[in-house]
Amino acid sequence: MASTVSFAVDSPGGRRTVEVSYERTGVGAPLVLLHGIGHHRQAWDPVLRILAAERDVIAVDLPGFGASPALPYGLAHDLRTMVPVLGSFFETLGVTRPHVAGNSLGGLLALELGRERLVRSVTALSPAGFWTPSERRYAFGVLRAMRGAALAMPMPLIERLSQSSPGRTALTSTIYARPGRRSPAAVVSETVALRKATAFRQTLEAGLQATFADDVPDVPVSIAWGSKDRLLLRRQGIRAKHVIPGARLVRLPGCGHVPMNDDPAAVARVILDTSR
């Protein structure tokens, strides 16, 4: 069941109130889950029960996505702002240096949190930030096309497509290698989340300057990449390993860009192993 928390953060124009929606379940060491651009916390549903058996899991709707409103005026949707915002979120929940796992944009945020030593371990699934300029242009073009299609399709068409495996493939094959496994309700929900993502444009614009070029010392890091990632190509994982030489690089066979749905057991195992 979702909860909402509000907290104050500093901005150039003074203190601003940020509101974040999240779901918390399970027992054990705290583990925060961060989704990708245009998605919502339900991206983690396929692995939630497995993780919650061993971790106190906190699945977050990032500001401007899912049920969380965009950041208030004066706060940008960029890395320099989002990292302290998430740090304040941890403090508000009374969580000190949780483990963190993130996918895509969430993976980049997770690595930044690790670099700032705000977390105990990092699992990054197909993280953004290790692209060449041409790879970034390609990925952003695909994301804009996905957003445009979600905005253009009437709800009855989305609901009708979600009822068949070919329809779910048409809606989600860019991010899932096995889109037929996604439930009709989940496909409708995440398509609506993409439509309603109030911070989509601002986050994508901020991503034009986003790269990750620093090591993450003294924090366990795993970087996992799906062998069938069609959005951020898997060779970016090799670059990530060069940037963070101490990281464990894991191949996820048969998985797409959002691997939690394609192979929940494999993804959960990587996260649990990293967060020991």
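Student: Let's start with helices. At what angle do α5 and α6 pack?

Tutor: Keep in mind that we are looking at a predicted model. For two packed helices, you look at the angle and at the distance between axes. Helix α5 covers residues 155–162 and helix α6 covers residues 165–172; they pack at about 120°, with axes 6 Å apart.

Student: What do you call that arrangement of α5 and α6?

Tutor: The range from 65 to 115 degrees counts as roughly perpendicular, and over 145 as roughly antiparallel. The pair α5 and α6 is therefore oblique.

Student: Which residues make that contact?

Tutor: From α5 you have I158, L161 and S162, and from α6 you have G167, R168 and L171.

Student: Now try me on α4 and α7. How do they sit relative to each other?

Tutor: Their packing angle is about 105°, and the axes are 8 Å apart. That makes α4 and α7 roughly perpendicular, since 65 to 115 degrees is the range for that word. On the α4 side look for M146, R147, A150 and L151, which meet T191, L194 and R195 of α7. This contact divides into four nonpolar, one polar and two charged residues.

Student: While we're at α7, where does P184 lie, and which residues does P184 contact?

Tutor: P184 lies in helix α7, residues 184–195. Leaving aside neighbours within four places in sequence, P184 is in contact with S162, Q163 and R168. P184 has 27% relative accessibility and counts as partly exposed. As for P264, which is 80 residues from P184 along the chain, the two C-alpha atoms are separated by 18 Å.

Student: On to aromatic rings. How is a pair of aromatic rings described?

Tutor: By two things: the distance of the centres and the angle of the planes. Here the count comes to five aromatic pairs. Take Y22 and F89: centre to centre they are 5.6 Å apart, with 75° between the planes, and that pair is edge-to-face. Y22 is in strand β2 (residues 14–26) and F89 is in helix α2 (residues 79–92), so the pair ties together parts that are 67 residues apart in sequence.

Student: Are Y22 and F89 buried or exposed?

Tutor: Both are buried. There is a second pair worth a look: F130 and F212 are tilted, at 5.9 Å centre to centre and 55° between the planes. F130 is in the loop between β6 (121–125) and α4 (133–152), while F212 is in the loop between α8 (200–207) and β7, so this pair ties together parts 82 residues apart in sequence. F130 and F212 are buried as well.

Student: Which residues form an aromatic cluster?

Tutor: F7, Y22, F89 and F90 form one aromatic cluster.

Student: What about polar side chains? Is Q236 buried or exposed?

Tutor: Q236 is in helix α9 and is buried, with a relative accessible area of 0%. Its side chain is joined to that of E135 by a polar contact of 3.5 Å. Not counting residues up to four places away in sequence, Q236 touches F130, W131, E135 and W225. So F130, from the tilted pair with F212, turns up again beside Q236.

Student: And S227, what does its side chain reach?

Tutor: The S227 side chain reaches the backbone nitrogen of G254, at 2.7 Å. S227 lies in the loop between β7 (221–226) and α9 (235–243), and its relative accessible area of 17% makes it buried. Beyond four places in sequence, S227 touches R234, R251, L252, P253, G254 and C255.

Student: Last one: backbone angles. Which value does phi of R97 take?

Tutor: R97 has a positive phi of about 45°, although R97 is not a glycine. Look for R97 in the loop between α2 and β5 (99–103), partly exposed at 32% relative accessibility. R117 is another non-glycine residue with a positive phi, near 60°. R117 lies in the loop between α3 (105–115) and β6, and at 41% relative accessibility R117 counts as partly exposed.

Definitions and conventions:
Residues numbered from 1 in each chain as written. Predicted model: local features only at pLDDT ≥ 70, side-chain atom pairs only at ≥ 80, totals over all residues. Heavy atoms only, no water. Axes fitted to C-alpha atoms, helices over the stretch in contact; angles between N-to-C directions. Helix = DSSP H or I, 4+ residues; strand = E, 2+ residues; numbered from the N terminus. Parallel < 35°, antiparallel > 145°, perpendicular 65-115°, else oblique. Contact = heavy atoms within 4.5 Å. Buried < 20%, exposed > 50% of the residue type's maximum accessible area, 1.4 Å probe, protein only. Polar contact = N/O pair within 3.5 Å; in protein donor to acceptor, adjacent residues only side chain to side chain. Phe/Tyr/Trp six-rings, centres within 6.5 Å; stacked < 30°, edge-to-face > 60°. Nonpolar A, V, L, I, M, F, W, Y, C, P; charged D, E, K, R; others polar.
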